Amino acid sequence: YVTAPIVAGAALSVKAWKEVDEAYDTIIKKTGATGDAAESLQKTCEDLATSIPTSFGNAAEAVGEVNTRFGVTDDKLKQLSSDFIKFADINGTNVSTSVDKVQATLASFNLSADKAGGYLDVLTAASQKTGVNVETLADDVMKNATSFKQMGYSIEDAISIEELRKMSVEALEAKLKELKSELFNLRFQHAINQLDNPHKMTEVKHDIARVMTVLQEMKKEEA
């Protein structure tokens, strides 16, 4: 009667070890690392898999891709890999694909790995607001990167514009009216020295400019 549980436990142990072994193989295949470098990457994978709700396989995919695409190691690698795992889980995407697309988009704006975490947050927020999946948004931002940079837009501006492009002309016109009303109120508060955050006016002006840009594009297409 005792033998069955022992056998079952042994089978689970073998299965768990096989998963870990396959995860380590994934890291080596993706990075080509050997010796101390390989051990460091494997340790990062183990730390991730035992500290956040994910599998060793997912952790290995993230660590291998992030290290290869962004060139980060140690704490930066662990943090960014964790960010991508959570991003993929929230948005229902593949970890490796997400890393590839985000790195390519950041590169198109000449941005480093330090900006990746913030970009993931903005991308997720835009996807949740529009209902458009993050991969489509990332592809659109990257496809139009040259135009965005020529207009002086940041990557955050680019995401905002792609978000606006998913709206109808009527919705954009309503948003523009709302923003102009907000700007009027802010200017009034500023005139009587009751505006707590003067930078808010600049932010609203930028929002107005983005909405007008997209509206002009849409009206040209309709003409």
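1. Before we start, one term: two residues are in contact here when they have heavy atoms within 4.5 Å of each other. Also keep in mind that you're looking at a predicted model.

2. With that in hand, start with helices α4 and α6. On the α4 side, the residues that meet α6 are L80, D83, F84, F87, I90 and N91. Across from them, α6 brings A116, G117, L120, L123, T124, S127 and Q128. Sorted by class, this contact has seven nonpolar, five polar and one charged residues.

3. How do those two helices lie against each other? Helix α4 covers residues 74-91 and helix α6 covers residues 116-130; their axes come within 10 Å and cross at roughly 10 degrees. Angles under 35 degrees count as roughly parallel, so α4 and α6 are roughly parallel to each other.

4. Now turn to α2 (residues 35-49) and α3 (residues 56-70). Their axes are 9 Å apart, and the packing angle is about 135 degrees. That angle makes α2 and α3 oblique to each other, and their crossing is right-handed. From α2, the contact uses L41, T44, C45, E46, L48 and A49, while α3 supplies F56, A59, A60, V63 and N67. The tally by class is eight nonpolar, two polar and one charged residues.

5. Next, the inside. Which residues touch the most other members of the largest nonpolar core? That core has 63 residues, and the ones to look for are C45, V66, F70, L80, F84, Y119 and L123. As background, nonpolar side chains tend to be buried together in soluble globular proteins.

6. F70 is worth a click of its own. Leaving aside neighbours within four places in sequence, F70 is in contact with E65, L80, F84, V99, Q103, L106, A113 and A116. Of these partners, L80 and F84 are also on that list of core residues.

7. Is S108 buried or exposed? You'll find S108 in helix α5, residues 95-108. Its relative accessible area is 18%, so S108 is buried. Beyond its neighbours within four places in sequence, S108 is in contact with M142, A145 and K149.

8. Finally, compare that with D21 in helix α1, which spans residues 3-31. D21 has 33% relative accessibility, so D21 counts as partly exposed.

Methods. Residues numbered from 1 in each chain as written. Predicted model: local features only at pLDDT ≥ 70, side-chain atom pairs only at ≥ 80, totals over all residues. Heavy atoms only, no water. Axes fitted to C-alpha atoms, helices over the stretch in contact; angles between N-to-C directions. Helix = DSSP H or I, 4+ residues; strand = E, 2+ residues; numbered from the N terminus. Parallel < 35°, antiparallel > 145°, perpendicular 65-115°, else oblique. Left-handed = near helix turned anticlockwise from the far one by under 90°. Nonpolar A, V, L, I, M, F, W, Y, C, P; charged D, E, K, R; others polar. Buried < 20%, exposed > 50% of the residue type's maximum accessible area, 1.4 Å probe, protein only. Core = buried A, V, L, I, M, F, W, Y, C linked by side-chain atoms within 4.5 Å.
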